[in-house]
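Here is a short report for a reader meeting this structure for the first time. Keep the 3D view open while reading.

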2 protein chains.
Amino acid sequence: MNSEALVFEANRRFYDALSHLDLEAMDEIWLHEAWVVCVHPGWQMLRGWEDVGESWRRIFSGDIGYQIELDQISVHVHGETAVVTCVERIAVVSEEGGDVSLATSTNLFVDTPSGWKIALHHGSPLPGDIQAPPPPIVH
Amino acid sequence: MNSEALVFEANRRFYDALSHLDLEAMDEIWLHEAWVVCVHPGWQMLRGWEDVGESWRRIFSGDIGYQIELDQISVHVHGETAVVTCVERIAVVSEEGGDVSLATSTNLFVDTPSGWKIALHHGSPLPGDIQAPPPPIVH
């Protein structure tokens with residue numbers, strides 16, 4: 001695969017980890033360095049793998065399911081880094097019910113000896129029409 | 001200056017261009033390529049210099065003044081790219097009055113023969129306490 005395809009796959013693994021609440025996969029796809037950055041939609045910025053990893057542990061420990069569909073995915077490789085942009089359609093399901101929202105996301109990946117790793121994720125809420133009800137999520 | 005200092009300066013020039021409504025300076029600090037990305041807080045994502053540059057022209061043609069103060073600035077250089085993260089305190093003044101908001105920003109710079117250029121700006125609204133009233137803006 002060329003670099004663009006490898007980055008596209010790495011980005012897919014990131015969202016699969018989120019959709020499957022798979023902490024091990026999330027741990028695997030992130031760069032474990034002090035400069036990594038994560039902005040969950042509506043959250044304050046988290047810096048450093050320690051805090052970013054902890055945020056995923058907290059998110060995954062809740063009684064909430066996520067189903068993410070991506071739209072408008074764009075990949076650009078620039079040397080040893082790559083930018084992925086996309087629109088996330090996030091279906092959240094908990095005991096209180098379901099909700100669907102859209103987020104604009106910019107993700108930065110870096111090439112490492114063990115593959116492309118995500119070093120920055122910035123998601124922000126996007127106003128927009130939701131065209132369909134949330135799909136059922138089965139755990 | 002080392003790379004970190006050069007990137008810090010490039011980031012400062014980006015925000016100076018915004019504060020001074022200086023379209024020429026904004027044009028100068030951006031990378032003019034099809035893959036550049038800009039997410040103004042609350043806006044949909046813009047891709048490509050053509051649309052990004054046009055957005056700055058629209059923003060600067062309005063009768064609105066901006067004063068930006070940056071907090072929590074962090075610079076990390078990774079090869080020929082660099083990530084700058086910061087919190088923006090944005091004072092907006094128009095004929096209708098003033099408003100102050102906070103935004104979380106992630107900016108990506110790339111090294112070019114003519115210096116570090118911004119290739120990605122993602123700002124998203126940040127809920128938070130505003131500690132002081134907006135400073136006066138004089139044009």
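Start with the packing around α3 of chain A. The cover over its buried residues includes the helices α1 (3–19) and α2 (23–29) of chain A. It also includes three strands of chain A: β1 (37–39), β2 (46–47) and β3 (65–78).

Helix α3 of chain A runs over residues 49–61, 13 residues in total. From first C-alpha to last it reaches 18 Å, close to the 18 Å expected at 1.5 Å a residue.

Which residues of α3(A) are buried? They are A:Trp49, A:Val52, A:Gly53, A:Ser55, A:Trp56, A:Ile59 and A:Phe60. Seen down the axis of α3(A), these buried residues fall within an arc of 150 degrees, so they line one face of the helix. An α-helix has 3.6 residues a turn, so residues three or four places apart point the same way.

The other side of α3(A) carries exposed residues: A:Glu50, A:Arg58 and A:Ser61.

Chain A averages a pLDDT of 90, and 91% of its residues score at least 70.

One stretch of chain A needs care. Over residues 131–139 of chain A the pLDDT is below 50. Beyond near neighbours in sequence, that stretch has 15 contacts in the model. Where pLDDT is low, the predicted coordinates should not be read in detail.

## Where the chains meet

Chain A puts 28 residues in contact with 28 residues of chain B. Between them the two chains bury about 2300 Å². Carbon and sulfur atoms account for 67% of that area.

How many salt bridges does the rule find across the interface of chain A and chain B? The count is zero.

## Two positive phi angles

A:Gln72 is not a glycine, yet its phi is positive, near 55 degrees. A:Gln72 sits in strand β3 of chain A. Its relative accessibility is 43%, so A:Gln72 counts as partly exposed.

B:Leu21 also has a positive phi without being a glycine, at about 50 degrees. B:Leu21 lies in the loop between α1 (3–19) and α2 (23–29) of chain B. At 24% relative accessibility, B:Leu21 is partly exposed.

Conventions:
Residues numbered from 1 in each chain as written. Chains lettered and ligands numbered in written order. Predicted model: local features only at pLDDT ≥ 70, side-chain atom pairs only at ≥ 80, totals over all residues. Heavy atoms only, no water. pLDDT = per-residue confidence, 0-100. Contact = heavy atoms within 4.5 Å. Helix = DSSP H or I, 4+ residues; strand = E, 2+ residues; numbered from the N terminus. Expected span 1.5 Å × (residues − 1). Buried < 20%, exposed > 50% of the residue type's maximum accessible area, 1.4 Å probe, protein only. Arc of directions from axis to C-beta. Buried area = accessible area lost by both parts, 1.4 Å probe. Salt bridge = Lys/Arg side-chain N within 4 Å of Asp/Glu carboxyl O.
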